[in-house]
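The structure is shown below.

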Amino acid sequence: MSFPRAFLQDLQDRLVLSDIIGSRVKGTRAGREFKACCPFHKEKTPSFTINNEKGFYHCFGCGAHGDAIKFVQEHDNLSFMETIELLAAQAGMQVPQQTPEDRQKAEEQKTLYDLIEAVTAFYEKTLSSHREAYSYLTNRGLSNETIKMFRLGYAPSDGRAV
Ligand code: ZN
């Protein structure tokens with residue numbers, strides 16, 4: 001499901017992140033940010049920060065990170081569509097209706113993303129099982145984190161890898 005970029009931007013602009021999160025998690029103001037106990041992992045001292053200016057939250061404990069849409073989607077366990085509808089209603093906005101063409105385009109895009117994801121995962125897996133390729137990268141100074149973050153992979157040269 002896709003929405004016009006302008007609509008999503010407008011929606012984000014109207015949402016106050018600390019209000020959205022504050023209605024679900026108890027937070028306290030800390031300077032220009034807000035702090036709370038992270039709802040995505042168990043903790044006693046707050047390492048979850050909310051930055052309204054930047055429009056995102058970040059947890060220093062478990063690395064949870066995202067914007068209002070992602071927070072509601074994950075916290076309330078909703079689909080992307082349900083989240084948009086909920087937040088748009090809260091912001092007093094109309095969710096743009098999709099034409100059948102839009103829907104078809106979104107469907108094709110999704111298929112492509114799924115394909116890219118499958119291919120990426122395959123190359124990642126191949127890299128982790130090819131010691132030589134892996135040490136090539138670490139010898140070039142890339143850390144495990146970097147390799148993971150950029151999802152580096154390895155394409156075997158035999159042309160019929162499975
Ligand atoms: Zn956390």
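Predicted model: local features only at pLDDT ≥ 70, side-chain atom pairs only at ≥ 80, totals over all residues.

## Strand β3 and its side chains

In β3, the side chains of F48 and I50 point one way while T49 and N51 point the other way, and all are buried. In a regular strand the side chains alternate between the two faces of the sheet.

Strand β3 has pairing partners on both flanks. Three bridges join β3 to β2, and the two strands run antiparallel; here K35 has T49 as its bridge partner in β3. Four bridges link β3 with β4, again in the antiparallel sense, and the bridge partner of T49 in β4 is H58. Four residues separate β3 and β4 in a hairpin, and in its turn G55 has a positive phi of about 75°.

## The sheet as a whole

Five strands make up an open sheet with antiparallel pairing, in the order β1-β2-β3-β4-β5. The edges are β1 (27-30) and β5 (65-66), each of which pairs on one side only. Strand β1 is joined to β2 (residues 33-36) by four bridges, the two running antiparallel. Within this pair, G27 has A36 as its bridge partner in β2.

Helix α3 (residues 68-75) packs on the sheet and touches β3 (48-51), β4 (56-59) and β5; the direction of α3 makes about 55° with that of β4.

## Residue A68 in helix α3

Is A68 buried or exposed? A68 belongs to helix α3, and its relative accessible area is 3%, so this residue is buried, the cut-off being under 20%. Leaving aside residues up to four places away in sequence, A68 touches Q12, L15, L17, G55 and L87. One of these contacts, G55, is the residue with positive phi in the β3-β4 turn. A68 and V16 are 52 residues apart in sequence, yet their C-alpha atoms are 8.3 Å apart in space.

## Salt bridges

The count of salt bridges comes to six. One of them is formed by D76 and R24, with 2.9 Å between the closest N and O atoms. D76 lies in the loop between α3 and α4 (80-91) and R24 in the loop between α2 (17-22) and β1, so this pair ties together parts that are 52 residues apart in sequence. Both partners are partly exposed, D76 with a relative accessible area of 27% and R24 with 25%.

A second salt bridge involves E53 and R32, whose closest N and O atoms are 3.0 Å apart. Because E53 is in the loop between β3 and β4 and R32 in the loop between β1 and β2, the pair ties together parts that are 21 residues apart in sequence. E53 is exposed at 59% relative accessible area, and R32 is likewise exposed at 62%.

R151 and E124 meet through their side chains in a salt bridge of 3.0 Å, N to O. R151 lies in the segment after α7 (144-149) and E124 in helix α5, so the pair ties together parts that are 27 residues apart in sequence. R151 is partly exposed, with a relative accessible area of 32%, as is E124 with 23%. Salt bridges with shared partners join E117, E124 and R151 into one network.

A nonpolar surface patch of about 360 Å² is formed by L112, L115, V119 and Y123. V119 is located in helix α5 (residues 100-129) and is partly exposed, with a relative accessible area of 37%.

Technical notes: Residues numbered from 1 in each chain as written. Heavy atoms only, no water. Pairing = 2+ DSSP bridges. Contact = heavy atoms within 4.5 Å. Axes fitted to C-alpha atoms, helices over the stretch in contact; angles between N-to-C directions. Buried < 20%, exposed > 50% of the residue type's maximum accessible area, 1.4 Å probe, protein only. Patch = residues over 30% accessible without salt bridge, like charges linked within 9 Å, V, L, I, M, F, W, Y side chains within 5 Å. Areas by Shrake-Rupley, 256 points an atom, 1.4 Å probe, with all protein chains shown as cover. Salt bridge = Lys/Arg side-chain N within 4 Å of Asp/Glu carboxyl O.
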